[in-house]
Structures are given as C-alpha cells and as structure tokens.
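Open your viewer and get ready to select residues. We will go stop by stop.

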Amino acid sequence: MKTYKIAIIGGGPAGIIAAIAASQNLNNINNNNHHHHHEDIILIEKNNSLGKKLLLTGNGRCNIANSKSIREQLNLLKHKNFLKHSFYSFSNEDLIAIFKDKGLDFKEEKDGRYFPITDDANSILAILKDYLNNLNIKILLDSPVKSISKEGIKEKEEKKGDRDKEKEKEKNKEKDLFLIDTDSISLKAEKVIIATGGNSYPQTGSTGDGYDIAKSFDHEITPIKPGLISLSVKNSYFKHLSGISLENLNISFKEHSIKGDLLFTHFGLSGPGILDISNFIVESDYKSDYNSNNLSEKIVISLDLIPNSTKEELSKRIIADSQSNGKTMVKNYLKHYLKNRFIDYFLNIAQISGNKTLSNLSKKDRNKIIAKLKDFQVEIANTAPRETAMITCGGISTKKINSKTMESKLIQNLYFAGELLEPYGPTGGYNLQIAFSTGFLAGKSSTESFN
Ligand SMILES: Cc1cc2nc3c(=O)[nH]c(=O)nc-3n(C[C@H](O)[C@H](O)[C@H](O)COP(=O)(O)OP(=O)(O)OC[C@H]3O[C@@H](n4cnc5c(N)ncnc54)[C@H](O)[C@@H]3O)c2cc1C
C-alpha cells in the first residue's frame, strides 16, 4: 500500500488549491533541505474529471472573486471571524494573481464581481490543472473515498506528558497514519485534507460525503440547509410575469435588506437579489426533513421598487407631474418607474384603474401607488428543490477547527477546507473565495511540520 505525505480528498476549487499550495510549500522546504520527494501529494476525486461544479459557476463564466476590500467581504460572510485568517493569507488579489501569472486577465462587473476576460470557467480550470501537472501532483480520478480512519487515536486521547507523547509519536509513526479507502484502492497518508464540498447540485459530485467522514472523527455538523436558492410564491398569477426582471431594488426579509436584481420565473422568483435574500429566509426557517413545504412560518418579502427615492420625494414628483401632465393615464405614467409588463399586475395589486388620468388620481390612490412602490409584498410558498441550491449553508462546525491552519482541533493532521465547512456568503464571488482561501491555508499549513 502506498503512503503519501498529504492526501487531499475532493477535486473542487478548495481541494485543487490545497494541493497546489501544499506542493509549492513542500518544494520550497525540500529545496532548502536539498531533498527531492516524488509523489508526496495525492489529490483524490470521485468524478472522472476535476472541478465539475467550478465549470458551472457564474453561468459558466465563473465569478471567481470580488474586488471589495477583505474587511468589506468578511462583513458579508457567515462566520467571518473564522474566515479572517484564511482571507488575509490568500486574498482576492492573491487568487487573481495566480491566473494573471499564467496570462489570464480579469474584468470587474456589477458590485465588484470578478470574471475571467474569456467569460469561460474552463480557462480557470485549465490553469489550475496546469499548476497541478507542473507540480507533478498525483491525481486519482474515479475514486470516491468511502472512509478514512486513523490508528493511534486512542493512544492520543490518553493523558500523557508532552515528552512521553513525543516519544510515543516517533515510535508509533506508522500508527499515526491515516488509512484512506476508496471503492477500489486503499492508501495511507500522514496528513489528510478533506475538501468534498457541500450537498447541493449533487450531480456535480458534491453529495455531502465529507460530513460523514467528519462525523466519524467526532466533528459536529451544524444543520445543513440549501442556500442561494430560488423561491416559489403563493400567487399563481406570477407565472404570467415569467421572464420579467427588475433591477436594483431593495429586497427585505425581517431585519435583513439587500440590494439586487430579481427575475420572475415560471414558478416564482430568482435572480441574484432573491438568491441573496434566500440565505436569510432559509437560515430563519427551513425544515430539513422534506415535506411538501420546507418553510413553516408565513414568509413575506418586501420589494422596494424605487429604492433611491423616499415616499415624500415620490409624492412631490407625482403631484408635480399631475400638474404638468394631467392627461397622462396612470398606466402610461408608471412606465417611468416600472417595467411595462409589470404595470398591469402592479395596478391590479394596488387596486387602481390604469385608465385614470393623473389629474383624476385622488390623494388616496396616489398614496396607494406610493405605498406599493416602496413596499410591494410577496408571500413566499417554498424554496425550490434543495438540489438546485447553489451553496450549502451550515456544515462542519468551525468551533473544532483551528482558523489559523484549518486543522482539526480533535484529530491531529486532519484538515478541512471549502464548502463542507459552516461558513458561506451571498452571490458575488464570495463562495469561491471561501473555497480558495480556506483551501490554500489548509494546503500550506499541512506542510509546515515537514520543515
Ligand atoms: C450553478 C452554480 C453556480 C455557482 N456560481 C458561483 C459563482 O459564480 N461564484 C462563486 O463564488 N460561487 C459560485 N457557486 C458556488 C461554488 O461553486 C462553490 O462554493 C464551490 O464550488 C465550493 O468549492 P469546494 O471545492 O469546497 O467544493 P466542490 O466544488 O463541491 O468540490 C468538491 C469535490 O469533491 C468531490 N467529492 C465529493 N465527495 C467525494 C468523495 N467521497 N471522494 C472523492 N471526491 C469527492 C466532488 O466530486 C467535487 O469534485 C456556484 C454554485 C453552483 C451550483
């Protein structure tokens, strides 16, 4: 049976960058010591290719990171304190730089979203694969890891003096190895990094296997919920609105408010703004054991369709327009504020006849319109099926992981990285940044003891 220094489980962004960082760091160490090791590192992937989910990101264009400052990014993320060290160790600029070094440029889109200039996630994956090849990292494809065990754990747990522990460690080095069983072969490793992803989009290979492996080492898993997920609505009329997009609105749920775009779909609502607000909805109310409905509370979101004007400003403007353009019909006038196809529905909800002219609009009607423009409420029926979630919220609890190294606090030489950990964020490149930053840190710190 072959023994490796470091085995990395999962060939997504987190696992790939962990392998690269580990290998680069190990090469530095080896060069300094004038040693050369071959096949020190192995990357084990269940699928017949690496990075299946990565290729789907950003509609195939890969929104890899965000230009915001690290501090601003962290403020948008769940478990930001845990992520802090990894984000400073391998930042958005560090991430972009490894691709720029290989000739791939980036462009910045809405809200700081970075995309490769090629608009193609393949160009990201190709460069990552080049790094893996150039560093001679062994890649094992078609190899789902079934279980990982570590002999010698029992001895570790016994109370011994530090010095005795060290001696014991030397004597039992063989015992300290991890045994990794895939469905075909078994191998051993001194260190293991688990980067198997969450459990959304399972067709990409991310089926939550890492949770079971982590549990087998007594790690706690916090409730697993689908995040960045479309929402269905109670109102059946919405299917007639399918295809309409509303841009730059404020979408609120309870105390949470975000700015973003919304898209009406055949079953309800989607678009980045809805995906972002879904994280808060799912966080507050989601029944994991699937019933006809995963949501138990009555969930209502509020759309501020004109976020840049206050009610008072709108009122003044409509009054002024009524005086100068009194003959304009309300349904035509609203084109200044709303998408054409949305106006009929809007007037229906506001219970106002669109054929009224502005000069015939009573104060009460005017206020009704303004109220709906600023607070258009939509009752949510359910989340879309969890398989369609872009991310998994929750995961391996950060409490038992050292945020400075990504090493388990329970099991020495065991590391975790990427989406199978608890942290997550909104759309905008943050989830890939989490995968790359935690993956890089895990890879790098796993090699430190070989120094
Ligand atoms: C449609 C879609 C679009 C997205 N767009 C964006 C975007 O534009 N920007 C952004 O920041 N984020 C985006 N995300 C989220 C992003 O893709 C994930 O956060 C990221 O891929 C997580 O990386 P990871 O390496 O932790 O896990 P994954 O990418 O899920 O990789 C895990 C890997 O482990 C493998 N694996 C699992 N179990 C085993 C096992 N037992 N043995 C061996 N291998 C195993 C899997 O096959 C997989 O290759 C998107 C997600 C989806 C689904």
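Which helices each supply at least two residues of the shell around the ligand? Select α1, α2 (52-56) and α15 (430-447): each of them does. Helices here are DSSP runs (H or I, at least four residues), numbered from the N terminus.

Before moving on, note that this is a predicted model: local features need pLDDT of at least 70, side-chain atom pairs count only at pLDDT 80 or more, and totals for chains, interfaces and linings use all residues. Residues are numbered from 1 along each chain as its sequence is written.

**The ligand.** Now select G10, G12, G197, G205 and G418. Of the 38 residues around the ligand, these come nearest. A residue is near if its C-beta atom, placed from the backbone, lies within 6 Å of the molecule. The shell holds 16 nonpolar, 16 polar and six charged residues. Gly counts as polar here.

**The core.** Next, select A7, I8, A18, A19, V192, I193 and F416. In the largest nonpolar core, of 69 residues, they touch the most other members. Helix α1 (residues 13-33) gives the most to this core, nine residues. A nonpolar core is a set of buried Ala, Val, Leu, Ile, Met, Phe, Trp, Tyr and Cys residues joined through C-beta atoms within 7 Å. Buried means 20 or more other C-beta atoms within 10 Å of a residue's own.

**The domains.** Finally, colour domain 1 (3-225 + 391-450) and domain 2 (229-388). These bounds come from an automatic or database domain assignment. The C-alpha centres of the two domains lie 41 Å apart.

Methods:
A residue is buried if 20 or more other C-beta atoms lie within 10 Å of its own, exposed if 12 or fewer, and partly exposed in between; C-beta atoms are placed from the backbone.
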